[in-house]
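Here is a short tour of a protein model with several chains. Keep the picture open while you read, and find each part as it comes up.

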Amino acid sequence: MSRQDWLWLPVLFLVLLLVALVPLTESRYAVFLGTDILIHGLFAVSLNLLLGYTGLVSFGQAAYFGIGAYTCALLMKKAALNFALAFVAAGAFGALSALVFGFFCVRLTKIYFAMLTLAFSQIVWVIAFKWNSLTGGDNGFVGVPFPQNLDSAVRFYYFTLAVVVVSLVLIRQALNSPFGRILTTIRENPERTEFIGINVKLFQLIAFMISGFFSALAGALFGIFNHSVFPDILFWPASAEVLIMTILGGMYSFLGPVVGAGVLLYLRMEVASYTEYWPLILGLILASLLFFFPGGIVGFFQDRVSRLRRKP
Amino acid sequence: MILDVTGVTKAFDGFVAVREVSFSVEKGELCAIIGPNGAGKTTLFNLITGHLPLDRGRVVFKGVDITRLRPHRICRLGLGRSFQRTNIFPRLTVFENIQAAVLVHRGRSLDFFTPVASLFREESEAILESVGLQDQGRTMSGSLAYGFQKQLELGIALASQPELLLLDEPTAGMSAKETSATIELVGRIAREKGLTLLFTEHDMAVVFSVSERILVLHQGRVITTGSPEEVRANPEVQKVYLGETRCS
Amino acid sequence: MNLPDPSFLIIQSLNGLTYAMFLFLIASGLSLIFGVMGVLNFAHGSLYMLGAYLTHQFVSWFIDAPGYFWWAVLLASLGVAALGAFIERFFLRHLYIREELNQLLFTYALVLILSDVAKLIWGTDQFSVSRPAILKGAVEILGQYFPKYNIVIIFLGPLVALLFWFILLRTRWGRTIRAAALDRETLGALGVNVNRLFTVVFFIGAWLAGLGGALVSPISAIVPGMDVEVIINAFIVVVIGGMGSFWGTFLGALILGQVYSLGILILPRLSMVFIYILMVLVLIIRPWGLLGRPLQR
């Protein structure tokens, strides 16, 4: 496995270089899209920690994204906290919510687990939607400024890039560790994992919390990037969307979800300029994915590469 | 006495699957549990390993009351188990399957930082070799032939370094050749490592060749227990059980 | 806090009952499909929506014919049922061998596709259908007025429930369906064409959703977004009542209807939270629902 890593490392480095050079194109569109993709890439990877690695289908991941966004924005504007503290607090609150919600969710399996994650996420949505005085309700929480030292789109882009890269490295480290290996055994066979001596629910809960933490960080970045936070980032189709990103990119690869986020957001931007029927396109893409490309984009290419290798 | 089971009873909606079962197993013994289908063998295993809650009774392992403990705790105390339906991690390689169990046994399950690829390589490969899978380390375990999967399962159970190993129908679905190979392997490992073995089996040839003591279950109750000769000669056993298998 | 007078409360409660009957129609189809096939059909709300749109369409075509409304309802619901069967037979069926997530996501893809298809065909305007002549007008209850149409709906709900309960319990088809819910493999081994059974079950489930949409067309605005709004409520009903439990769905629908209609009076801002909290509590304390069986699904 590590031999494959060495092959990909230069490619990854090249991609990183290209990504870092995007602002040099002087295109506001590119910087905007780039920031959006980075944020959602992190969001999708944190979901995939649960989905692809631990085998937990969470239909309520938007809750942590939204909690992160609202927490950071509210602390900055209403409590006049500086960005660094608000940012970390957002992540911490995301992890804490994941602990509370996850405690109940991991006691269920499969469809009931998914339903409960959905239910919790909807509760958070209703709170954001109805608590007008705190969150601005349906009108959203607007006027979120760039933090002091990051007061331009380009600077914020680089900050986002740094945060996302560091986060991805940390998540990758954790998934490549013994803990990460146990997560995959839980995905493969929770009953057997229990009987090699693992408290499966505890590990699922820890995975939940890590995922919630990084999803919340992504959300916090998004709130600032968007200069506003609206309840619709908490509404259940948002959870479906990040699931689609993950599966589009490929849930059995680490960076697959980032690829999926990139492709989806890019397509959405482009398609939106031609037609308003983006949901139809998305639905067709999703359906074709399910029928023809179960491994997602990355899975498709990995399959091709391994077939080429097998040819004499 | 490494395992002491007293008065264990379990009923499902009124159907009593296991009724007042009491027996004990000495350290190092090779003990078989036999009985017709539906006698309650797997249920009994599930009760011992904590997968099912008991209605009544007590299970004591190495002097510790494990009656109410969760399966993962029981495993950590040194009780290992294989399952009737093959229980492996299909999308991990054979090596990774074993390594996972070793990782846990060595207390590294909450390590978030060490790269796992080569961790405990020697120990894992030693276990692979002891179950005859040393050439299959890189194979995806889900694509293994059935017999090899069973060997892998044994390997996973052994990787936790148990003192008492429960094997639920270890030769189910195997040909005669595979069965004798497996049983020889199991017996050898048990003797090498000083394991205590408690297994359920349908194949009478296996049972009588390998076990030192046999426990006979029928309709959830223990009919008798003793050495293979004693059990074979027992008239009640013959009536209930051996009479049927003479035809098979 | 001012408590409204009792007659107003009763009307609100009856409104809740009406809403409950629609929820029951949709949720029972959802529950049936889940109970027998193990598929949680996100697109069930979309089928409901199509039932409403199709009714509007057929009404506008048949407006001069006698009994136009009932013909429209019949054709719309059957049309939706046929669409459902078509989708199951040619698309969903291929996903059964895969993990359940795939089926779930496919039904979500259907939500996306069907909602835009409806927009393509009918645009984004709001539509409404007028009530059939014999059911126009209202009945006086305790000094307040309650529409005749709604009363018919309130009686129709339990009627449909009893009809299906009878079919499930007493007929051979019903027994086959119940057996499939318990063990489809054994049923297949017994020579039953399980694939065809699934298509039939999906047809029935879709028909119920379409019927719900068709019947709601005179009461509720036919508008994009009604699919998303109803599916969550249907999920909640099925979870509370018990997935795959028929009377559980009925009970769940009744509960939800009353919580919505009376909750708005007592604590308008929190009535929505109540629903979700109820759903969470049921999943935590009794995941198989009030009347469900503790089966692991």
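Helix α9 (residues 235-245) of chain B gets the lowest confidence in that chain, with a mean of 67, while helix α3 (residues 94-105) of chain B gets the highest, at 94. Taken as a whole, chain B has a mean pLDDT of 86, and 97% of its residues reach 70 or more.

Keep in mind that this is a predicted model. Chain C also has its score: an average pLDDT of 86, with 97% of the residues at 70 or above. For the model itself, the scores are ipTM 0.90 and pTM 0.91.

## Where chain B touches chain A

How many residues of chain B are in contact with chain A? The count is 30, and they meet 23 residues of chain A. Two elements of chain B, α2 (71-76) and α3, each give two or more residues to this side. The largest share is five residues, and it comes from α3(B), the helix with the highest confidence in chain B.

What kinds of residues are these? On the side of chain B that touches chain A, 18 are nonpolar, seven are polar and five are charged.

## Where chain C touches chain A

Chain A has a contact with chain C too, with 29 residues from chain C and 27 residues from chain A. α4(C) provides the largest share, with twelve residues. Sorted by type, the chain C side has 21 nonpolar, four polar and four charged residues.

Now find helix α2 of chain A, which covers residues 28-53. Is it mostly covered or mostly open? Covered: 20 of the 26 residues in α2(A) are buried.

You can check the length of this helix yourself. At 1.5 Å a residue, its 26 residues should span 38 Å, and the C-alpha atoms at its ends are 36 Å apart, so the two values agree. Along the way, α2(A) bends by about 35° at Leu47(A). Just past the end of α2(A), Gly55(A) has a positive phi of about 80°.

## An open sheet in chain B

Back in chain B, four strands make an open sheet in the order β2-β1-β4-β5, with antiparallel pairing. Why do β2 (15-25) and β5 (64-65) of chain B each have a side without a neighbour in the sheet? They stand at the edges and have a single partner strand each, so one side is left without a neighbour.

For β5(B), follow its pairing with strand β4 (residues 56-61) of chain B, which is antiparallel over two bridges. Here Phe61(B) has Val64(B), in β5(B), as its bridge partner.

## Parallel strands in chain B

Strands can pair the other way as well: in general, strands of a sheet pair through backbone hydrogen bonds, either parallel or antiparallel. Take strand β3 (residues 30-34) of chain B, where four of the five residues are buried. β3(B) runs parallel to strand β8 (residues 196-200) of chain B, and four bridges join them. One bridge to spot there links Leu30(B) with Leu197(B) of β8(B).

β3(B) also pairs in the parallel sense with strand β9 (residues 213-218) of chain B, over four bridges. In that pairing, Ala32(B) has Ile214(B) of β9(B) as its bridge partner.

Key:
Residues numbered from 1 in each chain as written. Chains lettered and ligands numbered in written order. Predicted model: local features only at pLDDT ≥ 70, side-chain atom pairs only at ≥ 80, totals over all residues. Contact = placed C-beta atoms within 7 Å. Nonpolar A, V, L, I, M, F, W, Y, C, P; charged D, E, K, R; others polar. pLDDT = per-residue confidence, 0-100. Expected span 1.5 Å × (residues − 1). Bend = angle between axes of the 7 residues up to and from the residue. Buried ≥ 20, exposed ≤ 12 C-beta atoms within 10 Å, placed from the backbone. Pairing = 2+ DSSP bridges.
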